[in-house]
Amino acid sequence: MKKVAVMIDLPLLIVAAMALTFLLAGFVKGMIGLGLPTVAMGLLGLVMPPAEAAVILIVPSLVTNLWQLAFGPGLGATIERFWPMMLGITLGTWAGAGLLAGASSGQAAAALGGALALYAVAGLVKLPLRVPPPAESWLSPLVGVATGVVTAATGVFVIPAVPYLQALELERDRLIQALGLSFTVSTLALAAGLAQHGLFDGTLAWGSLASLLPALAGMALGQSLRRRVRAEVFRRCFFLGLLALGLFLMLEHLG
(Lines give C-alpha, C1' and ligand atoms only; values in the text may rest on other atoms or scores of the structure.)
Protein backbone atom coordinates (compact mmCIF):
# COMPACT_ATOMS: atom_id res chain seq x y z
CA MET A 1 0.00 0.00 0.00
CA LYS A 2 2.87 2.39 0.71
CA LYS A 3 4.12 2.02 -2.86
CA VAL A 4 0.71 2.93 -4.25
CA ALA A 5 0.46 5.91 -1.91
CA VAL A 6 3.81 7.23 -3.05
CA MET A 7 2.82 7.05 -6.69
CA ILE A 8 -0.47 8.80 -5.93
CA ASP A 9 1.60 11.76 -4.71
CA LEU A 10 2.49 12.38 -8.33
CA PRO A 11 -0.18 14.32 -10.25
CA LEU A 12 -2.23 12.10 -12.55
CA LEU A 13 -1.09 14.09 -15.58
CA ILE A 14 2.56 13.45 -14.69
CA VAL A 15 1.95 9.71 -14.19
CA ALA A 16 0.23 9.45 -17.58
CA ALA A 17 2.99 11.48 -19.23
CA MET A 18 5.64 9.22 -17.70
CA ALA A 19 3.94 6.03 -18.92
CA LEU A 20 3.41 7.31 -22.47
CA THR A 21 6.87 8.86 -22.61
CA PHE A 22 8.70 5.67 -21.66
CA LEU A 23 6.50 3.53 -23.89
CA LEU A 24 7.51 5.75 -26.83
CA ALA A 25 11.14 6.05 -25.72
CA GLY A 26 11.44 2.28 -25.33
CA PHE A 27 9.87 1.79 -28.75
CA VAL A 28 12.43 4.12 -30.35
CA LYS A 29 15.31 2.32 -28.62
CA GLY A 30 13.96 -1.04 -29.74
CA MET A 31 13.76 0.18 -33.32
CA ILE A 32 17.15 1.91 -33.72
CA GLY A 33 19.22 0.89 -30.68
CA LEU A 34 19.33 4.33 -29.04
CA GLY A 35 17.15 7.31 -28.15
CA LEU A 36 15.53 6.32 -24.85
CA PRO A 37 17.17 9.04 -22.69
CA THR A 38 16.87 11.59 -25.50
CA VAL A 39 13.15 11.06 -26.04
CA ALA A 40 12.41 10.67 -22.32
CA MET A 41 14.28 13.81 -21.26
CA GLY A 42 12.80 15.81 -24.12
CA LEU A 43 9.18 14.90 -23.43
CA LEU A 44 9.36 14.88 -19.63
CA GLY A 45 11.11 18.26 -19.86
CA LEU A 46 7.80 19.66 -21.07
CA VAL A 47 5.99 18.81 -17.83
CA MET A 48 8.67 18.83 -15.09
CA PRO A 49 12.11 20.30 -14.31
CA PRO A 50 14.95 18.51 -16.14
CA ALA A 51 16.61 17.47 -12.86
CA GLU A 52 13.46 15.56 -11.83
CA ALA A 53 13.12 14.05 -15.31
CA ALA A 54 16.74 12.85 -15.07
CA VAL A 55 16.01 11.04 -11.80
CA ILE A 56 12.99 9.26 -13.30
CA LEU A 57 15.13 8.29 -16.28
CA ILE A 58 17.70 6.32 -14.25
CA VAL A 59 16.09 2.88 -13.78
CA PRO A 60 14.57 2.46 -17.28
CA SER A 61 17.77 3.71 -18.89
CA LEU A 62 20.04 1.46 -16.83
CA VAL A 63 18.04 -1.73 -17.35
CA THR A 64 17.48 -1.25 -21.09
CA ASN A 65 21.13 -0.34 -21.64
CA LEU A 66 22.34 -3.40 -19.72
CA TRP A 67 20.02 -5.45 -21.93
CA GLN A 68 21.59 -3.88 -25.01
CA LEU A 69 25.11 -4.26 -23.63
CA ALA A 70 24.71 -7.97 -22.88
CA PHE A 71 23.91 -8.92 -26.48
CA GLY A 72 27.00 -8.29 -28.53
CA PRO A 73 30.29 -9.76 -29.71
CA GLY A 74 32.99 -9.94 -27.06
CA LEU A 75 32.08 -7.58 -24.25
CA GLY A 76 35.58 -7.83 -22.81
CA ALA A 77 37.15 -6.59 -26.04
CA THR A 78 34.69 -3.69 -26.20
CA ILE A 79 35.51 -2.64 -22.65
CA GLU A 80 39.25 -2.95 -23.28
CA ARG A 81 39.03 -0.73 -26.35
CA PHE A 82 36.76 1.96 -24.92
CA TRP A 83 37.69 2.16 -21.23
CA PRO A 84 39.50 5.53 -21.70
CA MET A 85 36.28 6.97 -23.10
CA MET A 86 34.26 5.50 -20.24
CA LEU A 87 36.68 6.99 -17.72
CA GLY A 88 36.32 10.35 -19.45
CA ILE A 89 32.51 10.12 -19.25
CA THR A 90 32.71 9.39 -15.52
CA LEU A 91 35.13 12.27 -14.84
CA GLY A 92 33.19 14.71 -17.02
CA THR A 93 29.89 13.87 -15.35
CA TRP A 94 31.45 14.17 -11.90
CA ALA A 95 33.04 17.52 -12.75
CA GLY A 96 29.75 18.92 -14.05
CA ALA A 97 27.49 17.25 -11.50
CA GLY A 98 26.16 20.56 -10.21
CA LEU A 99 25.04 21.85 -13.61
CA LEU A 100 21.70 20.07 -13.82
CA ALA A 101 21.08 20.37 -10.09
CA GLY A 102 22.18 23.97 -9.72
CA ALA A 103 20.93 25.61 -12.90
CA SER A 104 17.46 27.09 -13.05
CA SER A 105 14.92 24.83 -14.69
CA GLY A 106 14.65 27.23 -17.62
CA GLN A 107 18.38 27.25 -18.28
CA ALA A 108 18.62 23.46 -18.04
CA ALA A 109 15.62 23.00 -20.32
CA ALA A 110 17.08 25.39 -22.89
CA ALA A 111 20.39 23.51 -22.77
CA LEU A 112 18.50 20.27 -23.25
CA GLY A 113 16.71 21.72 -26.27
CA GLY A 114 20.04 22.73 -27.77
CA ALA A 115 21.48 19.25 -27.30
CA LEU A 116 18.42 17.66 -28.89
CA ALA A 117 18.48 20.03 -31.88
CA LEU A 118 22.22 19.51 -32.40
CA TYR A 119 21.84 15.75 -32.32
CA ALA A 120 18.88 15.90 -34.73
CA VAL A 121 20.74 18.06 -37.25
CA ALA A 122 23.77 15.76 -37.12
CA GLY A 123 21.50 12.79 -37.78
CA LEU A 124 19.61 14.43 -40.64
CA VAL A 125 22.60 15.68 -42.59
CA LYS A 126 24.52 12.43 -42.15
CA LEU A 127 27.85 14.12 -41.71
CA PRO A 128 30.54 11.89 -43.28
CA LEU A 129 32.70 11.76 -40.16
CA ARG A 130 35.59 9.36 -39.88
CA VAL A 131 38.15 9.00 -37.10
CA PRO A 132 41.63 7.86 -38.25
CA PRO A 133 42.82 4.89 -36.14
CA PRO A 134 45.88 6.74 -34.71
CA ALA A 135 43.62 9.50 -33.36
CA GLU A 136 41.41 7.16 -31.32
CA SER A 137 43.88 6.84 -28.43
CA TRP A 138 43.79 10.55 -27.55
CA LEU A 139 40.35 11.45 -28.93
CA SER A 140 38.37 8.85 -26.97
CA PRO A 141 39.10 10.36 -23.52
CA LEU A 142 38.29 13.87 -24.78
CA VAL A 143 35.00 12.73 -26.28
CA GLY A 144 34.22 10.95 -23.01
CA VAL A 145 34.81 14.08 -20.91
CA ALA A 146 32.70 16.20 -23.27
CA THR A 147 29.91 13.61 -23.18
CA GLY A 148 30.05 13.57 -19.38
CA VAL A 149 29.71 17.35 -19.13
CA VAL A 150 26.76 17.37 -21.54
CA THR A 151 25.19 14.50 -19.59
CA ALA A 152 25.61 16.38 -16.32
CA ALA A 153 24.05 19.54 -17.77
CA THR A 154 21.14 18.03 -19.70
CA GLY A 155 20.63 14.35 -18.79
CA VAL A 156 21.16 13.42 -22.47
CA PHE A 157 24.00 10.99 -23.23
CA VAL A 158 24.28 11.22 -27.01
CA ILE A 159 26.48 14.26 -27.72
CA PRO A 160 29.24 13.79 -28.80
CA ALA A 161 29.48 10.07 -27.96
CA VAL A 162 27.09 8.74 -30.61
CA PRO A 163 28.55 10.66 -33.60
CA TYR A 164 32.05 9.71 -32.44
CA LEU A 165 31.31 5.99 -32.17
CA GLN A 166 29.58 6.07 -35.54
CA ALA A 167 32.65 7.78 -37.03
CA LEU A 168 34.81 4.83 -35.96
CA GLU A 169 33.00 2.73 -38.59
CA LEU A 170 32.44 -0.17 -36.24
CA GLU A 171 30.70 -3.35 -37.35
CA ARG A 172 26.96 -3.04 -36.60
CA ASP A 173 26.77 -5.38 -33.60
CA ARG A 174 29.97 -3.91 -32.16
CA LEU A 175 28.55 -0.40 -32.55
CA ILE A 176 25.32 -1.33 -30.76
CA GLN A 177 27.32 -2.87 -27.92
CA ALA A 178 29.66 0.13 -27.68
CA LEU A 179 26.64 2.43 -27.52
CA GLY A 180 25.17 0.26 -24.77
CA LEU A 181 28.42 0.50 -22.81
CA SER A 182 28.58 4.28 -23.20
CA PHE A 183 24.94 4.73 -22.17
CA THR A 184 25.30 2.40 -19.18
CA VAL A 185 28.35 4.26 -17.83
CA SER A 186 26.63 7.61 -18.48
CA THR A 187 23.51 6.48 -16.61
CA LEU A 188 25.50 5.30 -13.57
CA ALA A 189 27.61 8.47 -13.52
CA LEU A 190 24.49 10.66 -13.80
CA ALA A 191 22.78 8.73 -10.99
CA ALA A 192 25.80 9.26 -8.75
CA GLY A 193 25.86 12.97 -9.53
CA LEU A 194 22.15 13.42 -8.86
CA ALA A 195 22.41 11.48 -5.60
CA GLN A 196 25.37 13.60 -4.55
CA HIS A 197 23.17 16.68 -4.79
CA GLY A 198 20.27 15.09 -2.91
CA LEU A 199 17.85 14.97 -5.84
CA PHE A 200 16.58 11.44 -5.18
CA ASP A 201 13.42 11.30 -3.11
CA GLY A 202 10.86 8.58 -2.55
CA THR A 203 8.33 9.80 -5.09
CA LEU A 204 10.84 10.22 -7.92
CA ALA A 205 12.57 6.93 -7.10
CA TRP A 206 9.28 5.02 -7.30
CA GLY A 207 8.42 6.94 -10.45
CA SER A 208 11.68 5.75 -12.01
CA LEU A 209 10.98 2.14 -11.04
CA ALA A 210 7.39 2.31 -12.28
CA SER A 211 8.59 3.68 -15.64
CA LEU A 212 10.59 0.51 -16.28
CA LEU A 213 7.58 -1.58 -17.35
CA PRO A 214 6.35 0.74 -20.15
CA ALA A 215 9.97 1.21 -21.28
CA LEU A 216 10.50 -2.55 -21.60
CA ALA A 217 7.13 -2.98 -23.31
CA GLY A 218 7.98 -0.26 -25.80
CA MET A 219 11.43 -1.74 -26.43
CA ALA A 220 9.97 -5.18 -27.11
CA LEU A 221 7.42 -3.65 -29.50
CA GLY A 222 10.11 -1.68 -31.30
CA GLN A 223 12.29 -4.75 -31.74
CA SER A 224 9.36 -6.74 -33.12
CA LEU A 225 8.54 -4.04 -35.69
CA ARG A 226 12.14 -3.24 -36.63
CA ARG A 227 12.09 -5.55 -39.66
CA ARG A 228 8.72 -4.32 -40.94
CA VAL A 229 9.54 -0.62 -41.27
CA ARG A 230 12.20 0.86 -43.50
CA ALA A 231 14.93 1.99 -41.15
CA GLU A 232 15.68 5.11 -43.20
CA VAL A 233 12.08 6.34 -43.07
CA PHE A 234 11.86 5.83 -39.33
CA ARG A 235 15.28 7.42 -38.76
CA ARG A 236 14.29 10.56 -40.68
CA CYS A 237 11.00 10.94 -38.80
CA PHE A 238 12.78 10.37 -35.51
CA PHE A 239 15.34 13.11 -36.10
CA LEU A 240 12.76 15.57 -37.43
CA GLY A 241 10.69 15.03 -34.30
CA LEU A 242 13.71 15.58 -32.08
CA LEU A 243 14.59 18.76 -33.96
CA ALA A 244 11.09 20.15 -33.47
CA LEU A 245 11.11 19.21 -29.79
CA GLY A 246 14.55 20.72 -29.22
CA LEU A 247 13.67 23.99 -30.93
CA PHE A 248 10.41 24.18 -28.95
CA LEU A 249 12.26 23.78 -25.64
CA MET A 250 14.88 26.38 -26.61
CA LEU A 251 12.36 28.98 -27.76
CA GLU A 252 10.03 28.44 -24.81
CA HIS A 253 12.67 28.76 -22.11
CA LEU A 254 14.96 31.30 -23.74
CA GLY A 255 11.96 33.46 -24.54
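Residues are numbered from 1 along each chain as its sequence is written. In this predicted model local features need pLDDT of at least 70 and side-chain atom pairs count only at pLDDT 80 or more, totals for chains, interfaces and linings use all residues, and side-chain values use heavy atoms, with hydrogens and water left out.

**Exercise 1.** Describe the lining of the second largest pocket.

*Solution.* A pocket is an open set of points on a 1 Å grid over the protein atoms alone, where a 1.4 Å probe fits, with protein on both sides within 12 Å along at least five of seven lines; lining residues have an atom within 4 Å of a point. Start with the residues, which are L24, V28, V39, L43, F234, C237, F238, G241, L242 and L245. Next, assign them to elements: α2, α3 (36-44) and α13 each give two or more, and α13 gives the most, with six residues.

**Exercise 2.** Find which residues touch the most other members of the largest nonpolar core.

*Solution.* Such a core is a set of buried (under 20% relative accessible area, 1.4 Å probe, protein chains only) Ala, Val, Leu, Ile, Met, Phe, Trp, Tyr and Cys residues joined through side-chain atoms within 4.5 Å. Of its 63 residues, F22, F82, M85, Y119, L165, F238 and L242 touch the most other members. By element, the largest share, nine residues, comes from α10.

Key: Helices (H or I, at least four residues) and strands (E, at least two) are DSSP runs, numbered from the N terminus. Buried means under 20% relative accessible area, exposed over 50%, partly exposed in between (1.4 Å probe, protein chains only).
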